[in-house]
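Reader: I would like to go through this model by question and answer. Please give the cut-offs as the terms come up.

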Amino acid sequence: MTTMRAVAMTEIGGPEVLQSIDAPMPVRANAEVLVKVLAAGVNPIDAKTRSGRGVSRAIRQYPTILGYDLCGEVVESPYQAHPLQPGRRVYGMTMVPRLDGTYAEYAVVPEAFLTPAPTTLSPVEAAAVPLAALTAWGMVVDVARAHDGQRMLIHAGAGGVGHFAVQLAAYFGARVTATASQRNVGWLHELGASRVIDYTAERFEDAIDEVDVVIDLIGNVHDDTGSRSLRVLRPGGLLVNAPTGSWSTMDEEASAAGVRATGYRVAPSGSTLAVIARLIDSGDLRVHVDRTFPLAEAADAHRLLEGGHVRGKLVLTVAE
Ligand SMILES: NC(=O)c1ccc[n+]([C@@H]2O[C@H](COP(=O)([O-])OP(=O)(O)OC[C@H]3O[C@@H](n4cnc5c(N)ncnc54)[C@H](OP(=O)(O)O)[C@@H]3O)[C@@H](O)[C@H]2O)c1
């Protein structure tokens with residue numbers, strides 16, 4: 001086989017620039033694994049990149065295959081006794097545009113970015129996990145060091161990253177307040193939030209007491225959420241911001257307010273995904289897939305994602 005089916009962006013633009021193409025079969029080298037993709041998660045970075053933001057500056061040529069998340073089956077391992085043998089079900093996150101993305105029938109992924117998929121999840125559910133759960137882990141566990149009694153405010157608790165962040169923070173003992181619209185309030189309580197603020201009905205800064213940490217998944221994209229968050233932090237408290245391009249004056253505003261603020265950037269990690277798989281298989285961490293789309297309908301998935309109100313994740317189905 002010399003070609004495969006993929007969906008690629010043909011240029012920068014709206015969802016319509018995502019086109020089905022016949023792409024060359026990727027060729028494995030070094031310690032990379034060739035994976036047959038069963039399902040591919042969709043993330044805001046995909047839509048941002050497609051529209052000329054995100055990592056679009058680093059794209060060298062079009063068409064470019066987007067997609068960071070996959071669940072699939074190993075087709076070729078780096079060597080005979082490699083732990084990820086052909087036929088093994090794996091999940092992981094790759095690095096677009098340095099590597100081709102996962103909106104495709106096959107992907108070549110460095111072994112360190114992959115690990116066996118959680119055994120209790122379907123391929124669709126497993127493909128929803130990597131980038132969002134790694135981001136939640138990085139922000140909540142690695143940077144904010146979630147611990148017993150820590151008071152944590154998590155914005156956009158119902159989104160892809162947020163629903164993992166709420167669960168991980170609660171798992172490690174933090175007292176979680178999340179923001180979401182009314183329809184997600186009950187669900188976020190189920191996931192472990194002790195308080196949920198409907199951001200459409202009240203200003204969070206009027207509704208809560210001081211917190212130690214803000215996990216900011218909104219920034220100043222909407223209603224100065226980032227700037228307003230600085231007011232609810234205790235002196236010396238920490239804000240961790242993920243939409244890094246949204247708030248250029250974050251550092252100055254934080255130091256004027258006597259608090260700390262940092263951006264955050266997720267990186268692929270098979271070893272962290274192995275820990276996350278254990279939490280999923282023990283029932284301590286759940287993934288929510290809002291909707292699936294066939295690979296060829298990736299443009300519709302982008303349209304829905306860009307509406308900004310997906311609960312949990314969207315996933316593209318690639319193979320049976
Ligand atoms: N730097 C990094 O490494 C990194 C990694 C991952 C993600 N990110 C960025 O982080 C952000 C979140 O990513 P994501 O995948 O979680 O996004 P997402 O799944 O698209 O987030 C959707 C959620 O946002 C909620 N929401 C929308 N407006 C809100 C508001 N004003 N206040 C509170 N909640 C609101 C919605 O809840 P309702 O329907 O209830 O409104 C919805 O459930 C994106 O900007 C993404 O690009 C950065």
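Reader: Which residues is Glu205 in contact with, leaving aside its neighbours within four places in sequence?
Author: This is a predicted model, in which local features need pLDDT of at least 70 and side-chain atom pairs count only at pLDDT 80 or more, while totals for chains, interfaces and linings use all residues. Side-chain values use heavy atoms, with hydrogens and water left out, and residues are numbered from 1 along each chain as its sequence is written. Contact means heavy atoms within 4.5 Å. Beyond the neighbours within four places in sequence, Glu205 is in contact with Arg228, Arg231 and Val232.

Reader: With which side chain does the side chain of Glu205 make a polar contact?
Author: Glu205 is found in helix H6, residues 204-207; helices are DSSP runs of H or I with at least four residues, strands are runs of E with at least two, and both are numbered from the N terminus. A polar contact is a pair of N or O atoms within 3.5 Å; within protein, one must be able to donate a hydrogen and the other to accept it, and residues adjacent in sequence count only if both atoms are side-chain atoms. At 2.8 Å, the partner of the Glu205 side chain is the side chain of Arg228.

Reader: Is Glu205 buried or exposed?
Author: Buried means under 20% relative accessible area, exposed over 50%, and partly exposed in between, with a 1.4 Å probe and protein chains only. Glu205 has 15% relative accessibility, so it counts as buried.

Reader: How many residues of domain 2 are in contact with domain 1?
Author: The domain assignment gives domain 1 (3-129 + 287-317) and domain 2 (132-263); such bounds come from an automatic or database assignment. The C-alpha centres of the two domains lie 28 Å apart. Twelve residues of domain 1 are in contact with residues of domain 2, and on the domain 2 side the number is 13.

Reader: Why does the ligand lie between domain 1 and domain 2?
Author: By class, the shell around the ligand has 15 nonpolar, ten polar and three charged residues. Here Ala, Val, Leu, Ile, Met, Phe, Trp, Tyr, Cys and Pro count as nonpolar, Asp, Glu, Lys and Arg as charged, and the others, Gly among them, as polar. The ligand lies between the domains because residues of the shell come from both domain 1 and domain 2.

Reader: Which residue has a polar side-chain atom 2.4 Å from an oxygen atom of the ligand?
Author: A nitrogen atom of the ligand is 2.9 Å from an N or O atom in the side chain of His222. A nitrogen atom of the ligand is also 2.8 Å from a polar backbone atom of Tyr264. The polar side-chain atom 2.4 Å from a ligand oxygen belongs to Tyr199.

Reader: How far apart in space are Leu314 and Ala257?
Author: Leu314 lies in strand E16, residues 313-317, and at 1% relative accessibility counts as buried. Leaving aside neighbours within four places in sequence, its contacts include Gly41, Val42 and Phe293. Leu314 and Ala257 are 57 residues apart in sequence, and their C-alpha to C-alpha distance in space is 37 Å.
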